Amino acid sequence: MLADPTRLRLLCLLRDAELDVGSLAAATGSARPAVSQHLAKLRLAGLVRTRRDGRRALYRARGGHVRRLVDEVLAAAQHHLTGAPDHD
């Protein structure tokens with residue numbers, strides 16, 4: 001799930017905020033239907049949760065474990081790009 005750059009970007013945005021599809025589409029520069037498809041996959045995997053606010057669906061990363069998972073993925077990518085050694 002996190003190998004796709006758009007899904008990773010969505011999770012980065014959702015780890016600290018609750019956002020709707022329109023806001024996520026604007027922030028990622030992606031089309032709303034594409035964002036909706038990515039969010040559906042992230043929901044199916046249990047990585048995001050949804051809350052209804054009237055007619056809008058608001059999305060957020062599902063709990064501290066997912067937020068820490070995103071942080072770890074970004075740290076691993078940073079180590080890979082810079083050549084820093086892994087932490088064991």
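## Overall make-up

What percentage of the 88 residues in the protein do buried residues make up? Buried residues make up 30% of them, where buried means under 20% relative accessible area, exposed means over 50%, and partly exposed lies in between (1.4 Å probe, protein chains only). This is a predicted model, in which local features need pLDDT of at least 70, side-chain atom pairs count only at pLDDT 80 or more, and totals for chains, interfaces and linings use all residues. Residues are numbered from 1 along each chain as its sequence is written, and side-chain values use heavy atoms, with hydrogens and water left out.

The protein has 4 helices and 2 strands. Helices (H or I, at least four residues) and strands (E, at least two) are DSSP runs, numbered from the N terminus. Along the sequence the pattern reads α-α-α-β-β-α. The C-alpha trace spans about 50 × 25 × 20 Å along its principal axes. The protein exposes about 5,700 Å², and carbon and sulfur atoms supply 51% of that area; accessible areas come from the Shrake-Rupley method with a 1.4 Å probe, and for residues only the protein chains shown count as cover. Among contacts with a separation of 6 or more, 50% are between residues 24 or more positions apart, contact meaning heavy atoms within 4.5 Å.

## Helix H1 and its cover

Helix H1 covers residues 5-14. Of its 10 residues, 7 are buried, so H1 is largely enclosed by the rest of the structure. The buried residues of H1 are Arg7, Leu8, Leu10, Leu11, Cys12, Leu13 and Leu14. Their cover includes helix H2 (21-28), H3, S1, strand S2 (56-61) and H4.

Two packed helices are described by the angle between their axes and the distance between the axes. Axes are lines fitted to C-alpha atoms, for helices over the stretch in contact, and angles run from 0 to 180 degrees between N-to-C directions. Angles under 35 degrees count as roughly parallel, over 145 as roughly antiparallel, 65 to 115 as roughly perpendicular, and the rest as oblique.

The axes of H1 and helix H4 (residues 63-82) come within 10 Å and cross at roughly 125°. H1 and H4 are therefore oblique to each other. H1 passes H4 in a left-handed crossing; a crossing is left-handed if the near helix is turned anticlockwise from the far one by less than a right angle, and right-handed if clockwise. Leu8, Leu11 and Cys12 of H1 make this contact with Val66, Val70, Val73 and Leu74 of H4. The residues of the contact of H1 with H4 divide into 7 nonpolar, no polar and no charged. Here Ala, Val, Leu, Ile, Met, Phe, Trp, Tyr, Cys and Pro count as nonpolar, Asp, Glu, Lys and Arg as charged, and the others, Gly among them, as polar.

H1 and helix H3 (residues 32-44) pack at an angle of about 75°, with their axes 10 Å apart. That makes H1 roughly perpendicular to H3. On the H1 side, the contact is made by Thr6, Arg7, Leu10, Leu11 and Leu14, and on the H3 side by Val35, His38, Leu39, Lys41 and Leu42. By class, the contact of H1 with H3 has 6 nonpolar, 2 polar and 2 charged residues.

H1 and H2 pack at an angle of about 120°, with their axes 11 Å apart, and are therefore oblique to each other. Their crossing is right-handed. Arg9, Leu10, Leu13 and Leu14 in H1 meet Leu24, Ala27 and Thr28 in H2. The contact of H1 with H2 has 5 nonpolar, 1 polar and 1 charged residues.

Thr28 lies in helix H2. At 22% relative accessibility, Thr28 counts as partly exposed. Leaving out residues up to four places away in sequence, Thr28 touches Arg9, Leu10, Leu13 and Val35. Thr28 and Ala84 are 56 residues apart in sequence and 28 Å apart in space, C-alpha to C-alpha.

Arg60 is in strand S2 and, at 22% relative accessibility, counts as partly exposed. Apart from residues up to four places away in sequence, its contacts include Leu14, Asp16, Val48 and Arg67. Arg60 and Asp16 are 44 residues apart in sequence but 7.8 Å apart in space, C-alpha to C-alpha. Arg52 is in strand S1 (residues 48-53) and counts as exposed at 56% relative accessibility. Arg52 and Ala75 are 23 residues apart in sequence and 32 Å apart in space, C-alpha to C-alpha.
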